[in-house]
Amino acid sequence: MHKYLEVNAGGGLVTDSEGKFLLIRRSGLWDLPKGHQEPGENIEDTALREVEEETGLHGLVLGKFIRVTDHTYFRNGQWHLKHTWWYAMTCPDCQHTTPQTEEGITEVRWVAKSELSDFLQHTYPTIVEVFRSMGLSEKFLPSVKQNPDNIV
């Protein structure tokens, strides 16, 4: 039996003034910005800090709590169980982005709702669930036939 190291993280589903969504590309897949909670940090601050660090954005406005997702991964000889608290965020005057390359992020992109399904065909199932939990219409989400290799 494997013992999991439980970790908490915060992340954001960011929209701009035109209603576009912010996605990052890491490890060849599209993702949402998120990261580990620091000791003594509240989870809302974690979410804002991580989105800023991973995308280079400033002036983010924290919105409502969306949901928690859980996933596992194996790193440094240890299984991890990551609980991620997701928040809606807006960035009214943010267009310039800078990917945090030291975290393996190769691209940050604003994506129109009409193009979202194409991007979400190449993401993790938990990321699709974040969009679904925000009430995004199913016509903008990919079908369930995602590549099982995307599951972590």
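Predicted model: local features only at pLDDT ≥ 70, side-chain atom pairs only at ≥ 80, totals over all residues.
**Loops, a disulfide and a buried helix face**

Me: Is Ser27 buried or exposed, and what is its relative accessible area?
Reply: Buried means under 20% relative accessible area, exposed over 50%, and partly exposed in between (1.4 Å probe, protein chains only). Ser27 also has a positive phi near 55°, although it is not a glycine. On the accessibility scale Ser27 is exposed, at 64%.

Me: Which other non-glycine residue has a positive phi of about 55°?
Reply: Most residues other than glycine have a negative phi. The residue you want sits in the loop between S5 and S6, and it is exposed, with a relative accessible area of 77%. It is Asn76.

Me: What share of the contacts with a separation of 6 or more comes from residues 24 or more positions apart?
Reply: Contact here means heavy atoms within 4.5 Å. As background on the protein chain, 45% of its 152 residues are buried. For contacts with a separation of 6 or more, the share from residues 24 or more positions apart is 66%.

Me: How far is Ala9 from Gln37 in space, C-alpha to C-alpha?
Reply: Ala9 is in strand S1 and counts as buried because its relative accessibility is 0%. Beyond its neighbours within four places in sequence, Ala9 has contacts that include Gly35, Gln37, Ile43 and Trp85. Ala9 and Gln37 are 28 residues apart in sequence, yet their C-alpha to C-alpha distance is 5.0 Å.

Me: What is the handedness of the disulfide between Cys91 and Cys94?
Reply: The structure holds 1 disulfide (a pair of cysteine sulfur atoms within 2.5 Å). That disulfide joins Cys91 to Cys94 with S to S at 1.6 Å, and both cysteines are buried. The torsion about the S-S bond of Cys91 and Cys94 is about -40°, so the disulfide is left-handed.

Me: Within what arc do the buried residues of H3 fall, seen down its axis?
Reply: The buried residues in H3 are Ile127, Val128, Val130 and Phe131. They line one face of the helix, because the directions from the helix axis to their C-beta atoms fall within an arc of 150°.

Me: Which helix is among the elements covering the buried residues of H3?
Reply: Several strands take part in the cover, including S1 (4–15), S2 (21–26) and S3 (29–31). S5 and S6 contribute too. The helix among these elements is H2 (116–120).

Me: Which residue with a positive phi follows H3?
Reply: The phi of this residue is near 85°. The residue that follows H3 is Gly135.

Conventions
Residues numbered from 1 in each chain as written. Heavy atoms only, no water. Helix = DSSP H or I, 4+ residues; strand = E, 2+ residues; numbered from the N terminus.
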